[in-house]
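I am keeping these notes while going through a structure that is new to me. Each entry records what I looked up and what I found.

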Amino acid sequence: LRVDGGACTNNFLMQFQADIIQKTIDRSIEIESTALGVGMLAGLAIGFWSHYEEIQDARKTDRVFTAQMLDNERKLLINSWEKAVKKAL
């Protein structure tokens, strides 16, 4: 899962997400990738770049988070979350 935006600067949150979804979280060096993407699309539109392939490697990884939580702990947290949501409804 590739992430960007302000929340992804929180290492605890990114590690927790990796643990809960059991997927690798790949955080970009450029936290505000939306603005960068808009600029790249504008560059394509005006001919600064002639092909998407010229910019597709522009994204660089800052840090990768991998799942480390034990399966039984993950299941307990998910079950607790589901109970809380049911009570809130």
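**Entry 1: helix 1, the buried side.** I began with helix 1, residues 11-21, and asked which of its residues are buried. They are Met14, Gln15, Ala18 and Asp19. Before going on I note that this is a predicted model. I then looked down the axis of helix 1: the buried residues fall within an arc of 135°, so they line one face of the helix. A general point belongs beside this: an α-helix has 3.6 residues a turn, so residues three or four places apart point the same way.

Next I looked up what covers these buried residues of helix 1. The cover includes strand 1 (2-3), strand 2 (25-28), strand 3 and helix 3.

Entry 2: Which residue caps the N-terminal end of helix 1? I found Asn10 there, with a side-chain oxygen 3.0 Å from the backbone nitrogen of Phe12. After helix 1 comes Gln22. I placed Gln22 in the loop between helix 1 and strand 2. Gln22 is not a glycine, yet its phi is positive, at about 55°. I also checked accessibility: with a relative accessible area of 41%, Gln22 is partly exposed.

**Entry 3: Gln15.** I went back to Gln15, which lies in helix 1. Is Gln15 buried or exposed? Its relative accessible area is 17%, and the limit for buried is under 20%, so Gln15 counts as buried. I followed the side chain of Gln15 and found that it reaches the backbone oxygen of Thr66 at 2.8 Å. Not counting residues up to four places away in sequence, Gln15 touches Phe65, Thr66, Ala67 and Gln68.

**Entry 4: Thr66.** I found it in the loop between strand 3 (61-65) and helix 3 (71-88). Its relative accessibility is 38%, which makes Thr66 partly exposed. With neighbours within four places in sequence left aside, the contacts of Thr66 are Gln15, Ala18, Asp19 and Thr24. I noted that Gln15, Ala18 and Asp19 are among the buried residues of helix 1. I also took a distance to Ile21, which is 45 residues from Thr66 along the chain: the two C-alpha atoms are separated by 10.0 Å.

**Entry 5: Arg27.** I turned to strand 2, where Arg27 has its place. How accessible is Arg27? Its relative accessibility is 6%, so Arg27 counts as buried. A polar atom of its side chain lies 2.7 Å from the backbone oxygen of Cys8. I then listed the contacts of Arg27 beyond four places in sequence. They include Val3, Cys8, Thr9, Asn10, Asn11 and Met14. Also among them are Arg59, Lys60, Thr61, Asp62, Arg63 and Phe65.

**Entry 6: Ala7.** I looked next at the loop between strand 1 and helix 1, which holds Ala7. Ala7 is partly exposed, with a relative accessible area of 48%. Not counting residues up to four places away in sequence, Ala7 touches Leu13 and Met14. I also checked Ala7 against Ile31: they are 24 residues apart in sequence and 9.1 Å apart in space, C-alpha to C-alpha.

**Entry 7: the largest pocket.** How much space lies in the largest pocket? I have it at about 400 Å³. The lining has 17 residues, and those nearest the centre are Arg2, Ser33, Leu36, Met40 and Arg59. Strand 1 and helix 2 (33-46) are the elements that give two or more residues to this lining. Helix 2 gives the most, with five residues. I sorted the lining by type: eight residues are nonpolar, four are polar and five are charged.

**Entry 8: Ala45.** At 68% relative accessibility, Ala45 counts as exposed. I took a distance from Ala45 to Ala84, which is 39 residues away in sequence, and got 48 Å from C-alpha to C-alpha.

Key. Residues numbered from 1 in each chain as written. Predicted model: local features only at pLDDT ≥ 70, side-chain atom pairs only at ≥ 80, totals over all residues. Heavy atoms only, no water. Helix = DSSP H or I, 4+ residues; strand = E, 2+ residues; numbered from the N terminus. Buried < 20%, exposed > 50% of the residue type's maximum accessible area, 1.4 Å probe, protein only. Contact = heavy atoms within 4.5 Å. Arc of directions from axis to C-beta. Polar contact = N/O pair within 3.5 Å; in protein donor to acceptor, adjacent residues only side chain to side chain. 1 Å grid on protein atoms, 1.4 Å probe; cavity = no way out; pocket = protein on both sides within 12 Å on 5 of 7 lines; lining within 4 Å. Points joined across faces, edges and corners; volume = space filled by probe spheres on them. Nonpolar A, V, L, I, M, F, W, Y, C, P; charged D, E, K, R; others polar.
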